[in-house]
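This report covers side-chain packing and sheet layout in one protein model. Please keep the sequence and the structure at hand while reading.

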Amino acid sequence: MMNELKILNRLLPTLTQTPDVVTGPGDDCAVLKASGELLLLAAVDQVIGGVHYYSGITSPAAAGAKLMKRNLSDIAAMGGTPKWALLALAVNGRSEEWLLEFCRGAHEAGTAFGVPVVGGDLAELKNSGEAGSLTILGEIAASEVILRSGARPGDRLYVTGEFGNSLTSGHHLNFTPRLREGRLLARKHFATAMLDVSDGLLLDAVRLACASQVDLVMNPGKVPLRAGAVRETAFSDGEDYELLFTVPQDRCGELERDWPSDFAPLHCIGTAEQGNGEVRTPAGTILSRNRKIGYEH
């Protein structure tokens, strides 16, 4: 049986906090300082052993870090600044040390971006396995929020980084959330629509196209590939955690000039056109009608 009190007595003193945390983990709620007129961003995501990583092969610290970084990537996709996280973990058949290492992995990944774990919950599953869930809270000015629904005909379509082969290469564990890139796009009002690519470039492009009610014309030959990736599957592999976004044509030159050299590489891969949510090639092939366009679970 899990001894929750014993585990928390070991875990909580190790979770360092930031100055805006009035009361951290240990009470019924964390108490956090709000920041003036900023809006609060909130998202939740999870990792499940055997679904989001190889259970028994992936270290618990790496699994916990992935959980944190998946959530940080969601804040990046809105252009926001992450502030706090709440972690819930349910396990069965895992040692106390496994559980502590998972939590420490999430904590250390958050600390690298100034995000403390301010609370959470532990529970025991009836069957063997593990499932972690993390809620992320962030902030952004109302004028800077980037939604999926803002793309307009004539916008150019951009991505950061590379795509494909995320599993074999280890990228699905070792990625860097594009928070700096997202903040620049929001602060300078470059992006009209944006999301992070987690379930596959094509599937997430369809989501952006549908939300904005445009067609995205994507040039497959311009999509940058990760080492070992094959173009035929790179669109649907998923687990890339890169940004996909649209930019008004008259601001593309400024974007490319202002893009810092130490950011993730920037690539223009297409355009937005009048339409109703399809993704197609310049030759007219409708990619979004492929049977396998991404990872849905």
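Which residues does Leu 185 touch, not counting residues up to four places away in sequence?

## Basis of the report

This is a predicted model, in which local features need pLDDT of at least 70 and side-chain atom pairs count only at pLDDT 80 or more, while totals for chains, interfaces and linings use all residues. Residues are numbered from 1 along each chain as its sequence is written, and side-chain values use heavy atoms, with hydrogens and water left out.

## Nonpolar cores

Leu 185 touches Ile 146, Phe 190, Ala 191, Met 194, Leu 243, Phe 245, Leu 255 and Trp 259; contact means heavy atoms within 4.5 Å.

The largest nonpolar core has 47 residues, and Met 68, Phe 102, Leu 185 and Phe 245 have the most contacts inside it. Helix H2 (residues 60-78) supplies the largest share of this core, eight residues. Another core lies apart from it, with 23 residues that include Val 197, Ala 205, Val 223 and Ile 269. A nonpolar core is a set of buried Ala, Val, Leu, Ile, Met, Phe, Trp, Tyr and Cys residues joined through side-chain atoms within 4.5 Å. Buried means under 20% relative accessible area, exposed over 50%, and partly exposed in between (1.4 Å probe, protein chains only).

## Aromatic pairs and a charge over a ring

The structure holds four aromatic pairs. In one of them, the ring centres of Trp 98 and Phe 102 are 5.6 Å apart and the planes are at 20°, so the pair is stacked. Rings of Phe, Tyr and Trp (its six-membered ring) pair if their centres lie within 6.5 Å; planes under 30 degrees apart count as stacked, over 60 as edge-to-face and the rest as tilted. Trp 98 and Phe 102 are four residues apart in helix H3 (residues 96-111), and therefore separated by about one helical turn. Trp 98 is buried, with a relative accessible area of 15%, and Phe 102 is buried at 0%. The rings of Trp 259 and Phe 263 have centres 5.3 Å apart and planes at 90°, so this pair is edge-to-face. Both Trp 259 and Phe 263 are buried.

The charged end of Lys 69 sits over the ring of Phe 175, 4.8 Å from its centre (NZ of Lys or CZ of Arg within 6 Å of the ring centre and within 35 degrees of the ring normal).

## The sheet

Four strands form an open sheet in the order E3-E6-E4-E5, with mixed pairing. Helices (H or I, at least four residues) and strands (E, at least two) are DSSP runs, numbered from the N terminus; two strands pair if DSSP finds at least two bridges between them.
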